[in-house]
Amino acid sequence: MPRTAGSGTGEPGVFGAWSTADEVLRGIDLSGRLALVTGGYSGLGREATVALARAGARVVVPARRPAVARTALTGIDGVEVDELDLADLDSVRAFADRFLASGRGIDIMMNNAGVMACPQTRVGPGWEAQFGVNHLGHYALVNLLWPAIRRGGGARVVVLTSRAQHAAAIRWSDPHFSQGYDKWQAYAQAKRANVLFAERLDVLGRAVGVRAFSVHPGYILTPLQRHLSRDEMVAAGWVDADGNLVNAEFKTPQQGAATQVWAAASPRLAGLGGRYCEDCAVVDQATDPDGAARLWALSAELTGVDAFAGPA
């Protein structure tokens, strides 16, 4: 079973694997700040939305199912919902246009929405779904919202990834798995892309005060596992035959959301960026500036969007 809330490091202001999102934001005032959290109405995204709103932030939640999102977020002050389908570039553009028309800046951009280990699926103009939703949709969204992100003055972009990225490489010749589809390899590639995206965005954005981080939230049972069967999760040692959690490495959703809100708001990260984080800490990991730049160029080609192609 997950360890209980409140079981962080015990040192004030220093957090760990078992800290919660509320603990991480305790004493941090986000009044007057605007956060945008994709998928912010389910699983870790909802926990992050609630914690950010409690800290005083105005939170915009773009959702593929806005009616479901509004129901899930009922009663939470300071939250607004709009429509966005990351698998559809027209939807991404329409949302970005609506947001930019509001004239508001973005202080926290949290790329939280995602899909894991789904059957082979094509989205948009033929993209493999995990690469398309987890990476390309967010890539396009951040680039289209760039005027609002840079307007915030010191914004942070937080990109959710996974430890699966350690065993992955970008399939440069076939990123959409036109041959040899494997749902876990596709997931790992998408999560590696998330890390490279944050690394490159930080390089491009730091001159105007925008910093980016990639975050592994830990292992948590959420709707992210919706494409996995009970038998698969039993075989992985996550749950028993009745669906009860049996793996002590798993966190509660509140604990799982801690690292992403920490990356979004902790003063300990001032002046840093382009880093990979786990358990409310920056983890030493080799960077790949060439791979990050190459992925950015590929993403720009696939989406037709690049905020940095001209004057920044």
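Which residue in S8 is the bridge partner of Val 157? I looked this up first, and the partner in S8 is Ala 212.

**Entry 1: ground rules**

I am working on a predicted model, where local features need pLDDT of at least 70, side-chain atom pairs count only at pLDDT 80 or more, and totals for chains, interfaces and linings use all residues. Residues are numbered from 1 along each chain as its sequence is written, and side-chain values use heavy atoms, with hydrogens and water left out.

**Entry 2: overall counts**

I found 11 helices and 12 strands in the protein. Both are DSSP runs numbered from the N terminus: helices are H or I with at least four residues, strands E with at least two. The protein has 312 residues, and 54% of them count as buried. Buried means under 20% relative accessible area, exposed over 50%, and partly exposed in between, with a 1.4 Å probe and protein chains only.

I noted an accessible surface of about 12,800 Å², with 50% of it belonging to carbon and sulfur atoms. Accessible areas come from the Shrake-Rupley method with a 1.4 Å probe, and for residues only the protein chains shown count as cover. Among contacts with a separation of 6 or more, 72% are between residues 24 or more positions apart. Contact means heavy atoms within 4.5 Å.

**Entry 3: the sheet**

I traced an open sheet of eight strands in the order S3-S2-S1-S4-S7-S8-S11-S12, with mixed pairing. S3 (79–83) and S12 (281–283) stand at the edges with a single partner strand each, so one side of each has no neighbour in the sheet. From one strand to the next the twist averages 25 degrees. Two strands pair if DSSP finds at least two bridges between them.

I then went through some of the pairs.

- S1 (residues 34–37) and S2 (residues 58–63) run parallel and are joined by three bridges; Ala 35 stands opposite Val 59 in S2.
- S4 (residues 108–111) pairs with S7 in the parallel sense over four bridges; Ile 108 stands opposite Arg 156 in S7.
- S7 (residues 156–160) pairs with S8 in the parallel sense over five bridges.
- S8 pairs with S11 (residues 275–278) in the parallel sense over four bridges; Ser 214 has Tyr 276 in S11 as its bridge partner.

**Entry 4: covered strands**

In a regular strand the side chains alternate between the two faces of the sheet. I checked both faces of S8: Arg 211, Phe 213 and Val 215 on one side are buried, as are Ala 212, Ser 214 and His 216 on the other. Six of the six residues of S8 (residues 211–216) are buried, so S8 is largely enclosed by the rest of the structure. S1 is also covered on both faces, with Leu 34 and Leu 36 buried on one side and Ala 35 and Val 37 buried on the other.

**Entry 5: helices**

I looked at H10 (residues 258–265), which lies across S4, S7, S8, S11 and S12 and runs at about 160 degrees to S7. Axes are lines fitted to C-alpha atoms, for helices over the stretch in contact, and angles run from 0 to 180 degrees between N-to-C directions.

H5 (residues 129–144) packs with H11 (residues 289–303) at an angle of about 85 degrees, with their axes 10 Å apart. That makes H5 roughly perpendicular to H11, a label for angles of 65 to 115 degrees. On the H5 side I listed Phe 131, His 135, Leu 136, Tyr 139, Ala 140 and Asn 143, which meet Leu 295, Trp 296, Ser 299, Ala 300, Leu 302 and Thr 303 in H11. By class the contact has eight nonpolar, four polar and no charged residues. Ala, Val, Leu, Ile, Met, Phe, Trp, Tyr, Cys and Pro count as nonpolar, Asp, Glu, Lys and Arg as charged, and the others, Gly among them, as polar.

**Entry 6: single residues**

Asn 194 lies in H7 (residues 183–205) and counts as buried at 2% relative accessibility. Leaving aside neighbours within four places in sequence, I found Asn 194 in contact with Asn 134, His 135, Val 159, Leu 160, Thr 161 and Ser 214.

Most residues other than glycine have a negative phi. I noted Phe 177, not a glycine, with a positive phi of about 50 degrees. Phe 177 is in the loop between S7 and H7 and counts as buried at 1% relative accessibility. Cys 280 also has a positive phi, near 60 degrees. Cys 280 is in the loop between S11 and S12, and at 5% relative accessibility counts as buried.

Conventions
Angles under 35 degrees count as roughly parallel, over 145 as roughly antiparallel, 65 to 115 as roughly perpendicular and the rest as oblique.
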